[in-house]
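Notebook open. I want to go through the side-chain pairs, then the core, then the overall fold.

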Amino acid sequence: MRAAKQAGASFGVSPGATDRLLDACEETGLPLLPGAATASEVMTLLEKGYTAQKFFPAEASGGRSALRSFGGPLPLVQFCPTGGITPEKATHYLELGNVMCVGGSWIAPTSLLRSRNWAEIETRAHHASQLGQASC
């Protein structure tokens, strides 16, 4: 986390959360979007003050149904689902009240990164930023 902060990172994102990782973020003052996939993981992070969490791997962990289920007993938590998300699925996730944003590798897949096709990545990022606008 120190190296990330020294490199200019203003926050971190992780697929999960360990005590060591959370301690490192606290020590460096680097905000973190920690990952959780189960109700127990979500509750543990909530006890530590994390009201914004990454839901990963979203599709493999129950998708929209799981997030909808978390909403009732855990209304304070907002999620960023990632893992198996497509632009079409993203729109459906964004309809949920406890989803603040979504992430997906469709925006910058390895093939576009390798070919340095920044224009296509920019186009995809712009399109992704517009998802869910009509329902907000």
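Which side chain meets Arg2 in a salt bridge? I looked it up: the partner is Glu27, at 3.7 Å from N to O. The cut-off I used: a side-chain nitrogen of Lys or Arg within 4 Å of a carboxyl oxygen of Asp or Glu.

**Ground rules**

This is a predicted model, so I noted that local features need pLDDT of at least 70, side-chain atom pairs count only at pLDDT 80 or more, and totals for chains, interfaces and linings use all residues. Residues are numbered from 1 along each chain as its sequence is written, and side-chain values use heavy atoms, with hydrogens and water left out.

**Entry 1: salt bridges**

I counted five salt bridges by this rule. Arg2 sits in helix H1 (residues 2–6) and Glu27 in helix H2 (residues 19–28), so this bridge ties together parts that are 25 residues apart in sequence. Helices here are DSSP runs of H or I with at least four residues, strands are runs of E with at least two, and both are numbered from the N terminus.

Next I checked accessibility. My classes are buried under 20% relative accessible area, exposed over 50%, and partly exposed in between (1.4 Å probe, protein chains only). Arg2 is exposed at 56%. Glu27 is exposed too, at 62%.

Then I went to Lys48. Its side chain meets that of Asp19 in a salt bridge, 3.1 Å from N to O. The pair links distant parts of the chain: Lys48 is in the loop between helix H3 (39–47) and strand S4 (52–55), Asp19 is in helix H2, and they are 29 residues apart. Lys48 comes out partly exposed, with 44% relative accessibility.

Another of the bridges joins Arg64 and Glu95, at 3.9 Å from N to O. Arg64 belongs to helix H4 (residues 63–71). Glu95 is in the loop between helix H5 (87–94) and helix H6 (110–114), 31 residues from Arg64. Both ends are partly exposed: Arg64 at 26%, Glu95 at 48%.

**Entry 2: aromatic rings**

How many aromatic pairs does the whole structure hold? My search found three. Rings of Phe, Tyr and Trp (its six-membered ring) pair if their centres lie within 6.5 Å; planes under 30 degrees apart are stacked, over 60 edge-to-face, the rest tilted.

I took Phe55 and Phe70. Their centres are 5.8 Å apart and their planes stand at 85 degrees, so the pair is edge-to-face. Phe55 lies in strand S4 and Phe70 in helix H4, so the contact ties together parts that are 15 residues apart in sequence. Phe55 is buried at 0% relative accessibility. Phe70 is buried at 9%.

Phe55 also pairs with Phe79. Here the centres are 6.2 Å apart and the planes at 70 degrees, so this pair is edge-to-face. Phe79 lies in strand S5 (residues 78–81) and Phe55 in strand S4, so parts 24 residues apart in sequence are tied together. Phe55 and Phe79 are both buried. I logged Phe55, Phe70 and Phe79 as a cluster linked by ring pairs.

I also looked for charges over rings (NZ of Lys or CZ of Arg within 6 Å of the ring centre and within 35 degrees of the ring normal). Lys54 lies over the face of Phe56, 5.0 Å from the ring centre.

**Entry 3: the core**

A nonpolar core is a set of buried Ala, Val, Leu, Ile, Met, Phe, Trp, Tyr and Cys residues joined through side-chain atoms within 4.5 Å. The largest one has 26 residues, and Leu67 and Val102 have the most contacts inside it. H2, H3, H4 and H5 are the elements that give two or more residues to this core.

What does Leu67 touch, leaving out residues up to four places away in sequence? With contact meaning heavy atoms within 4.5 Å, I listed Phe55, Phe79, Pro81, Tyr93, Leu96, Asn98 and Val99.

**Entry 4: the whole chain**

I counted seven helices and five strands. From the N terminus they run α-β-α-β-β-α-β-α-β-α-α-α. The C-alpha trace spans about 40 × 40 × 25 Å along its principal axes. Of the 136 residues, 34% count as buried.

Gln6 is in helix H1 and is exposed, at 71%. Gln6 and His127 are 121 residues apart in sequence and 31 Å apart in space, C-alpha to C-alpha.
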